[in-house]
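Hello,

Here is the structure I said I would pass on. Please open it first, then read my notes below.

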Amino acid sequence: MWKTTVVIPNYNGMNYIDQCLKSLKKSSVALKIILVDNGSTDKSDVFVRENYPDVQIISFTENTGFSKAVNAGIMAADTEYVLLLNNDTVVDEKMAEYLEKAMDAHENCFSAAARMLSLSSPDKLDGAGDLYCALGWGFARGKDKPKDRYGKPGRIFSACAGAAIYRKSLFGQVGYFDENHFAYLEDIDIGYRANICGYPNQYIPEAVVYHAGSAVSGSRHNEFKVRLSAANSVYLIYKNMPFLQVVLNLPFLLAGYLVKSLFFLKKGMGKAYFGGLCRGIRLSCSGEGRRHKVRFHMKNLPHYLWIQGQLWINVLRRFAG
């Protein structure tokens, strides 16, 4: 009866969770729903328990971060697919149906991303899948562009975990979300690993989700986000790029970090950014970081070549819009 379990990480989501769950209840396909509460203090978990008794709730006593929360939900799911969904979203009634059909049609696919529109400005894209480039930047394709852009399905670098479906059986090979990524870039990291293993990620424009964005952290740029994103950007490179690929991309990476440094210095967030970079270097040099490094295997060389092509092409895409 159920092919998909929806996993919603929740932290103080009282302003959004009701409309999110209401929209899921209108889905054209049957869905199981797991809410993973990260120590909310606004009683949003209590609200869900009282008003949506069929929603399974997993509770943590403190905010454990995005990755640990969704991992708990993924492991608890007993369906073929797991659909990760931010709590500040409203879904189209056929969103899950389109994502399921895409996964059924692409049997080797690891994930499929929805078309995300801005909840406050639904005529604009919030993202059409995630891209990663040789500058060391991850970015949402089509951010703030007209909603009708990127209307064709196709392969992307990774799915934005705010609204994406995953094949549960492949987590055993690709690995789960890295819990060293408390938040930010964890979806690009797992998409990168899937690409290395030869499992592509798809974008499905017919699957529509409306996203508030920055509902927890508060804004597009803030010290919390800047610090974590900077740290994770270093760790992501260390984990996923073999040494020779780092050398090959080093001029781009240095340029990328220089541009980011100047950008955040201008915004008065230089201390947070440089602190994050140092944190990422320490994590990469630690035993914990080395334990998670993806080992190079010659059988994956064709996949690394595809990735490298994307790293260069996506530099152009980043500035071409």
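This is a predicted model: local features need pLDDT of at least 70, side-chain atom pairs count only at pLDDT 80 or more; totals for chains, interfaces and linings use all residues.

**Salt bridges**

Lys25 has a partner. Its side chain meets that of Asp54 in a salt bridge, at 2.3 Å from N to O. The pair links distant parts of the chain, 29 residues apart. Lys25 is in helix α1 (residues 17-25), while Asp54 is in the loop between α2 (44-51) and β3 (56-60). Asp54 is exposed, with a relative accessible area of 53%.

How many salt bridges does a search of the whole structure find? The count is 11. Two others deserve a look.

One joins the side chains of Glu97 and Lys101, at 3.1 Å from N to O. Both residues lie in helix α4 (residues 95-105). They are 4 residues apart, about one turn of the helix. Glu97 is buried, with a relative accessible area of 17%.

The other is between Lys239 and Asp189, at 3.0 Å from N to O. This pair also links distant parts of the chain: Lys239 is in helix α7 and Asp189 in helix α6, 50 residues apart. Are these two residues buried or exposed? Both are buried. They also belong to a network, in which salt bridges with shared partners join Asp178, Asp189, Arg193 and Lys239.

**Helix α8**

Now go to helix α8, residues 243-266.

The angle is about 60°, at Leu250. A proline, Pro251, follows within four residues. Past the end of α8 comes Gly268, whose phi is positive, near 80°.

Which residues of α8 are buried? They are Gln245, Asn249, Leu253, Gly256, Tyr257, Ser261 and Phe264. Their cover includes four helices: α6 (186-197), α7 (223-240), α9 (270-285) and α11 (301-320).

**A nonpolar patch**

Leu258, Leu262, Leu265 and Phe274 make a nonpolar surface patch of about 400 Å². The largest share, 3 residues, comes from α8. Phe274 is found in helix α9. Phe274 is partly exposed, with a relative accessible area of 35%.

**Ile237 in α7**

Finally, find Ile237 in helix α7. Ile237 counts as buried, because its relative accessibility is 9% and the cut-off for buried is under 20%.

What does Ile237 touch, leaving aside its neighbours within four places in sequence? The residues in contact with Ile237 are Tyr132, Gly136, Val246, Leu253 and Tyr257.

For a sense of distance, turn to Val70. Ile237 and Val70 are 167 residues apart along the chain. Their C-alpha atoms are separated by 22 Å.

Then move to α7 for Ile237 and for Lys239 with its salt bridge to Asp189.

Best wishes

Notes
Residues are numbered from 1 along each chain as its sequence is written. Side-chain values use heavy atoms; hydrogens and water are left out. Helices (H or I, at least four residues) and strands (E, at least two) are DSSP runs, numbered from the N terminus. The expected span of a helix is 1.5 Å times one less than its number of residues. The bend at a residue is the angle between axes fitted to the seven residues ending there and the seven starting there. Buried means under 20% relative accessible area, exposed over 50%, partly exposed in between (1.4 Å probe, protein chains only). Contact means heavy atoms within 4.5 Å. Patches are made of residues with over 30% relative accessible area and no salt bridge: like charges are joined within 9 Å, nonpolar side chains (Val, Leu, Ile, Met, Phe, Trp, Tyr) within 5 Å. Accessible areas come from the Shrake-Rupley method with a 1.4 Å probe; for residues, only the protein chains shown count as cover. A salt bridge is a side-chain nitrogen of Lys or Arg within 4 Å of a carboxyl oxygen of Asp or Glu.
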